[in-house]
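Here are some notes on the model you sent.

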Amino acid sequence: LAAARAVSEGASFRAPLARTQPGESIVLRIAADPKRPAPSAYVTITMEGESEREYATTTALYANGWIEIRVPAEDVPPDCVAVVVRWMREQPPRWQRITRVDQLFYLPPEPGAGPPPLVYMSGPFVHRAESDSAPTVVLIAAETLPFAPGDPAPTLGAVADACFVFTNAFTPALDERAAASLLSGLHPLELAIDANGGTLAAGSAPVEALHKSAYATALKSSGGPPKSRPSPSGGVVGGFETITSEGARSTGETLSEMEDWLEDHAKSPAFLAVFLGDVDADGAQALAEFLRATRDSEAANRPYVILTAFRGTLSPETDDPLAEPALHVPLVVYAPDLGRGKRPELVSLEDVAAMIATMAKVKIVGSIAGRDPMNALAEKRPVSVLGNAEMLTLRTKDFRFTVRPGEVATRLFRVGAGADWWRTDIAAKQPDTVERYRKELEGFVQRRRPPSVTD
C-alpha cells in the first residue's frame, strides 16, 4: 500500500519535521501486521517545538489498509521540529501514564504471551490547512477512454461544457512510460530502461514538490496486482504518501473509493492520482457523474480534475503502431476558476505535470520536459516513441513525421488532408520537409538521451 516502517509494541521512534507553520496538522498512518494482527492501538505522539505537547488516541487496526491519525492544527505546538511516536495495544493504566513508567519500560498487557506484535507506520507528514490558494487536484488516467479526444460531450454530456478540452493531446509512449511521463514531466527518452525493457524509477519532481508543500498525496491504481499490506521499506515513494494497487475493479468502485479519500482529506489540500484500466460505457457514465457532482458541489474548495488516457485507439487496418489514432488521447480539465472551452494547441502527456504544479502553486525543483499548456508561450511539437527509440514520430500543427533512427525509410502525413489523412504518406513528394524534420528529431533525441544503466 505504501512505504512504511515496522514498529514493535512499546517501541518508539523519533522523526524530524520541517518546522511547522500555523494552521498545519500532523498526520500518521498505521496498519496491523497481517501475520499477527493487533485489533487496536493506543498511539501517543509527542511533539517537540517551542513547547512539548502530547497527543494520544486509540484506533482500530486493519491488516489490509491504513488508518489515518491526524493531530489537529490547534494541538500542534508552534515551530514543531520533530515528533516521537509510540504505541501499545491498549491504553496503559493511569498510574503508569502519570509516572511515565510506560515510556521507560515495556510492560506488555499480557505477560508471557510471546514477542510483542508489530504495526506498520507511514509518516509522520505535515499537511496544510484548507486554503483557497492551495486547491485539491485529482488526476484520473485510464488506459483508454470511450470518446473522441476532441469531443467528449456525447459521452460526458453537458458537464463537458464546463471543462477545458484540449483537442490535440498526445501520448508520448504506448507502454508504461506514458504513466511515468504523466507524473514526472519527463519525456520517455529521459527515463532509464532496464535490461528487461522496464522503466526504472525516475522520481516525480512535481509530486515531490506537492508533498514538500504539505499536500496529502496518494496514488490509487485498479487493475494492477493486489497488495495486502504496507511495504516495510520506509520513506515516501516518488512524493506519494500512500500507493494502493488493487485487482481488476470497475470504474464506479474505484471512483467511490476515490470520493471517500477526498472526503477524508477535505480539510487539507490534497493530490490524488487514479489510474484505471480500459474504461467502458458504464465507466464513462461514472466519470461523468463524478464530474457533474464536482461541478454542482457547493463546497468552497472544489477540486481541480484532470481526465486523460494513456493510449488512443488503433485501427486494425494499419500496420503503423505510431499512427495518429493510437497517439491522440483525450485531455479534459475541470478548473472551477480557470474558465472553459476547447483548446486547439498541441499538448503531450508530460505537460500535465507542469499543469498540476501551476494549479497547486508549487515550484518544481529541477528541469522537466513538460510545460503548462495553459500558459505556454512557444508552440509544442509532441514527440512519441516506440520502444527504446526504435521508432519516433513528431507531430506539428501541419504534419506528422515518422522515422526509424538509422534507416532511410520515413513517413510524412499532412494533417487534415481528408478524413483518413494519417493513411496517406506524402514523404516522397516533400523531401525538404522530410529532411528538416529528420534533423529536428535527431536533435531532440540527442538532448534527451536516456541515462546509462550499469546494474
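1. A polar contact is a pair of N or O atoms within 3.5 Å, where one must be able to donate a hydrogen and the other to accept it. The side chains of T144 and D278 make such a contact, at 2.8 Å. Bear in mind throughout that this is a predicted model.

2. T144 belongs to strand β9, which covers residues 137-144. Its relative accessibility is 16%, so T144 counts as buried, the limit for buried being under 20%. Apart from residues up to four places away in sequence, T144 touches G277, D278, V279, A309, R311 and G312.

3. Which residues touch the most other members of the largest nonpolar core? They are L139, F271, I306 and V333, in a core of 42 residues. Elements giving two or more residues to this core include the strands β9, β10 (164-170), β13 (270-278), β14 (304-309) and β16 (331-334), and the helices α4 (177-184), α5 (205-212) and α9 (351-360). The largest share comes from α9, with seven residues.

4. Leaving aside neighbours within four places in sequence, F271 is in contact with V137, L139, V207, L210, Y215, A216, T217, A218, F240, W261 and I356. There is also a second, separate core, made of 32 residues, and L255, A270, L287 and A288 are among them.

5. Next, strand β16. L331 and V333 point one way from β16, while V332 and Y334 point the other way, and all of these residues are buried. β16 runs antiparallel to β10, to which two bridges join it, and V165 stands opposite V332. β16 also pairs with β14 in the antiparallel sense, over four bridges; here I306 is the residue opposite V333.

6. P303 sits in the loop between α7 (281-296) and β14. Its relative accessibility is 15%, so P303 counts as buried. Along the sequence P303 and A335 are 32 residues apart, yet their C-alpha atoms are 7.6 Å apart in space. Beyond its neighbours within four places in sequence, P303 is in contact with T136, V138, T294, Y334 and P336.

7. Is G238 buried or partly exposed? G238 has a relative accessible area of 23%, so it is partly exposed. This residue lies in the loop between β11 (216-222) and β12 (242-246). Its contacts, leaving aside neighbours within four places in sequence, are S204, V207 and E208. G238 and P206 are 32 residues apart along the chain, with 9.3 Å between their C-alpha atoms.

8. Helix α10 has 17 residues (431-447), and at 1.5 Å a residue it should span 24 Å; its end C-alpha atoms are 25 Å apart, so the two values agree. The span uses one less than the number of residues.

9. Where do the buried residues of α10 lie around its axis? They are T433, V434, Y437, R438, L441 and F444. They cover an arc of only 130° around the axis, so they are on the same side of α10. The strands β18 (383-386), β19 (391-395), β20 (399-403) and β21 (410-414) are included in what covers them. On the face turned away from this buried side are the exposed residues P431, D432, K439, Q446 and R447.

Methods
Residues are numbered from 1 along each chain as its sequence is written. This is a predicted model: local features need pLDDT of at least 70, side-chain atom pairs count only at pLDDT 80 or more; totals for chains, interfaces and linings use all residues. Side-chain values use heavy atoms; hydrogens and water are left out. Buried means under 20% relative accessible area, exposed over 50%, partly exposed in between (1.4 Å probe, protein chains only). Contact means heavy atoms within 4.5 Å. A nonpolar core is a set of buried Ala, Val, Leu, Ile, Met, Phe, Trp, Tyr and Cys residues joined through side-chain atoms within 4.5 Å. The arc is that of the directions from the helix axis to the C-beta atoms. Two strands pair if DSSP finds at least two bridges between them.
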